[in-house]
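Let us walk through this protein together, one feature at a time. Keep the sequence and the 3D view side by side as you read.

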Amino acid sequence: MEELLLRELDAREQTHKSSWFQKVTASLSAASTLTKKAEPEAEQAAEQEEAAAEPAPALPAEEAPAPAEEPAAPAPAEEPVDSTPAGESPASAETPEPPPAAEPELPVAEAAAAAAPDSKPASTPALPGKAAVKLGKKVTVSKRKKTGAAAQAAPEPECEVKGFPGSMLGLPYEFETGLRVTAAAEAFTEGVALRFCVRTAEECRIYLLAHGSDGEISLILPGDKEVDNLVFPSVESKFPGLNHPNYHLMVEPPFGQESIVLLAVATTSKCDFDKVLRELIKKDPMGEQGSFENAAIEHFRTKYPKQANLTWSSAVLRFNTYPKPAGSGA
């Protein structure tokens, strides 16, 4: 009995194993079939992508598209009827002349350039020693540009030299003081008019001393024709002033390096410092620059003790003067 049961169990186990094996085999067969079907499709898709990436082959000459047919030429216009009276030739009949072709418009810049006269200013001969200005801050020459044929005559160029604080020469510099010289010319040549421009940070009285190229000292301001030496803060004052149109400071011989010393004293009251300067110049007209001015201030404080505590400042500028260039006329 037990043997029969064992045989039956063994048969069932074999049947189960066979059924399971058949199912696995069927699944593997189906997967293989799907893989074989998918491979041709993938290959075909890859071939299509490669074909799309390749450039289209050029058509042979015989397969090139025929050129488009040219449109038919328009029919010729009918000739006008000859209305010339008998006995007159067609050439004698008056025919209206065609209007002249309009000239192309030029840009504004080109039109102005075409209208401007083709002329160049004569070059100024080089002046000897022009680069010898040592202590001036800078020398500038400016010219106004022409804007076309209708432009007015350009003004004279302006030459300018700026000064430096007097403290560089040991002079007092207790408030800000500036000095510059200008001339309506390309250089400080003989006969050119000079103008001195002064700017201070205090309301004060100013004095201008010139140390010539020969070493001689002279008092420029106050002078015989311009005595008002009162200036106001932050306002540039010019000397000679515009209220003296007939008074000019001209470049005269001897030529060379000129030194101008500005002394400013912070007071609006009457000050006799110019008297002290004239007195010392008369005694020593060849005084040394810097030392002469300091000695004058000390002499003033001693002579006028009530004004001994006044505040002082100074500025100095140096520039070169030249004779007239050759060929410039008298």
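Helices (H or I, at least four residues) and strands (E, at least two) are DSSP runs, numbered from the N terminus.

Before going on, note that this is a predicted model, in which local features need pLDDT of at least 70, side-chain atom pairs count only at pLDDT 80 or more, and totals for chains, interfaces and linings use all residues. Residues are numbered from 1 along each chain as its sequence is written, and side-chain values use heavy atoms, with hydrogens and water left out.

Which residues of H3 are buried? In this helix (residues 273-283) they are Phe-273, Asp-274, Val-276, Leu-277, Leu-280 and Ile-281. They lie on the same side of H3, because they cover an arc of only 155° around the axis; the arc is that of the directions from the helix axis to the C-beta atoms. An α-helix has 3.6 residues a turn, so residues three or four places apart point the same way. On the other side of H3, you will find Lys-282 and Lys-283 exposed. Buried means under 20% relative accessible area, exposed over 50%, and partly exposed in between (1.4 Å probe, protein chains only).

On a 1 Å grid over the protein atoms alone, a cavity is a set of points where a 1.4 Å probe fits but cannot get out, while a pocket is an open set with protein on both sides within 12 Å along at least five of seven lines; lining residues have an atom within 4 Å of a point. Grid points are joined across faces, edges and corners, and a volume is the space filled by probe spheres set on the points.

The second largest pocket has a volume of about 590 Å³. It is lined by 24 residues, and Ala-210, Ser-218, Ile-220, Met-250 and Glu-258 are the closest to its centre. Strand S7 gives the largest share of this lining, 4 residues.

There is also 1 cavity of 30 Å³ or more. The largest cavity holds about 30 Å³ of space, and its lining consists of Ile-220, Leu-221, Glu-226, Phe-239, Pro-240, Tyr-247 and Leu-249.
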